[in-house]
Amino acid sequence: MFEQLGLIGCGLIGGSFALALKRARLVKRVVGYSKSPSTTERARQLGVIDVAAPSALLAVSGADLVLVAVPVSASEATFRAIRHGLAPHALVMDVGSTKGDVIAAAERALQHKFSHFVPAHPIAGKEVSGVEHAEATLFHQRKVILTPVKATRRSYHQQAAQLWAQVGAQVVTMPHDAHDAAFAAVSHVPHLLAFAFVNAMAAQPEGQRFLELAGPGFRDFTRIAGGDPAVWRDILLANGEQVLRQSQLFRNTLLQMEAMIAQGDGAALDRAISAARQTRLQWPAPGNTPLGAED
Ligand code: NAP
């Protein structure tokens with residue numbers, strides 16, 4: 001059991017982690033800090049944190065576990081803000097949806113405490129943000145990807161893996177570049193397409209009327225366009241190289257399918273749709289749980 005969680009970023013993911021730890025009786029006390037005092041206070045009122053700290057530094061003072069759960073662009077400033085307050089034995093984790101940039105930020109900012117840092121990405125979430133939506137069961141049967149680096153002390157990696165498993169997650173460990181390539185394909189570009197598609201549709205003179213007529217297919221396809229702007233802006237920029245690579249692959253395929261339509265090539269279109277259908281029907285692969293709403 002941990003004595004104290006120092007939580008920086010009392011939002012959906014950070015708040016859910018705090019609630020999950022409390023529910024599993026894995027922590028005695030949660031001290032939280034968020035950018036806006038009103039968010040920190042709301043987290044306290046909701047029982048997500050026990051103590052509202054006036055700074056990130058004070059939130060981590062005395063903590064044996066620290067979770068940084070802020071938008072990824074705020075990671076480096078947060079690591080710098082906490083590094084002098086970290087206890088000698090504290091385990092430090094993040095939850096950012098991109099890993100290469102956060103690891104580089106942690107290495108620059110945490111210096112000799114970098115070996116305490118275990119990068120983590122829970123594949124769980126919602127398209128709504130904020131502490132009001134935090135849930136103790138958010139990580140149940142969801143994957144959590146850990147991307148330790150050479151400098152990561154093995155005991156901290158093991159402690160992190162055990163902790164996420166204790167809150168119900170399936171822990172997967174992989175290199176951070178493999179993580180960023182995979183999540184550009186299965187998460188970041190799908191979000192980019194959802195945002196672009198909704199904008200393209202709504203910008204048409206008839207856009208509003210089209211929206212009124214839209215049904216469940218549109219609802220399913222565009223659900224993830226409801227994601228938090230600051231969080232998704234950061235993710236798309238932070239993983240830009242991989243996102244653009246996947247986006248280009250998508251564009252090539254889209255152009256091919258558009259050509260099939262323009263040429264009236266029903267056989268080719270049929271093959272393309274059948275291939276997509278087959279892939280989609282075979283997912284999730286055996287042993288995988290359906291992921292539902294996640295980033
Ligand atoms: P969220 O609900 O908006 O929470 C973010 C929290 O960070 C807010 O409480 C915000 O405080 C705080 N914050 C922002 N800048 C800060 C700073 N400089 N210092 C301290 N606190 C700061 O967002 P979220 O969905 O929990 O996302 C948090 C992280 O989780 C992101 O890195 C995201 O990539 C990752 N993630 C998200 C999902 C998902 O589906 N949402 C899934 C997996 C991972 P204020 O309210 O005061 O602005």
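These legends walk through several close-up views of a predicted model.

Local features are described at pLDDT of at least 70 and side-chain atom pairs at pLDDT 80 or more, while totals for chains, interfaces and linings use all residues. Residues are numbered from 1 along each chain as its sequence is written, and side-chain values use heavy atoms, with hydrogens and water left out.

**View 1. An open sheet of 6 strands, with parallel pairing.**
Follow the strands in the order β3-β2-β1-β4-β5-β6. Helices (H or I, at least four residues) and strands (E, at least two) are DSSP runs numbered from the N terminus, and two strands pair if DSSP finds at least two bridges between them. β3 (51-52) and β6 (117-118) stand at the edges with a single partner strand each, so one side of each has no neighbour in the sheet. Further in, β1 (residues 2-8) and β2 (residues 27-33) pair in the parallel sense over 6 bridges. Look there for Gln-4, which stands opposite Arg-29 in β2.

**View 2. An open sheet of 3 strands, with mixed pairing.**
Here the order is β7-β8-β9. The edges belong to β7 (120-122) and β9; each has a single partner strand, so one side of each is left without a neighbour in the sheet. On average, neighbouring strands of this sheet are turned by 20° against each other, direction ignored. β8 (residues 143-146) and β9 (residues 170-173) pair in the parallel sense over 4 bridges. Within this pair, Ile-145 stands opposite Val-172, and Leu-146 has Thr-173 as its bridge partner.

**View 3. A right-handed β-α-β unit made by β8, α6 and β9.**
The helix of this unit, α6, covers residues 154-166. Right-handed means that, with the strands pointing away from the viewer, the path from the first strand over the helix to the second runs clockwise.

**View 4. Helix α4 beside helix α5.**
Two packed helices are described by the angle between their axes and the distance between the axes. For α4 (residues 75-82) and α5 (residues 100-110), the angle is about 25° and the axes are 8 Å apart. That makes α4 roughly parallel to α5. Axes are lines fitted to C-alpha atoms, for helices over the stretch in contact, and angles run from 0 to 180 degrees between N-to-C directions. Angles under 35 degrees count as roughly parallel, over 145 as roughly antiparallel, 65 to 115 as roughly perpendicular and the rest as oblique. Ser-75, Glu-76, Phe-79 and Arg-80 in α4 meet residues of α5 including Val-102, Ala-105 and Leu-110, where contact means heavy atoms within 4.5 Å.

**View 5. Helix α7 packed with helix α10.**
α7 (residues 176-202) and α10 (residues 229-238) pack at about 120°, with axes 10 Å apart. The two helices are therefore oblique to each other. Ser-187, His-188, His-191, Leu-192 and Phe-195 in α7 meet Trp-232, Ile-235 and Leu-236 in α10. By class, this contact has 5 nonpolar, 3 polar and no charged residues. Ala, Val, Leu, Ile, Met, Phe, Trp, Tyr, Cys and Pro count as nonpolar, Asp, Glu, Lys and Arg as charged, and the others, Gly among them, as polar.

**View 6. Two backbone details, at Pro-284 and Gln-111.**
From Trp-283 to Pro-284 the peptide bond is cis, with omega near 5°. Pro-284 sits in the segment after α12 (266-281). Gln-111, in the loop between α5 and β6, has a positive phi of about 50° although it is not a glycine.
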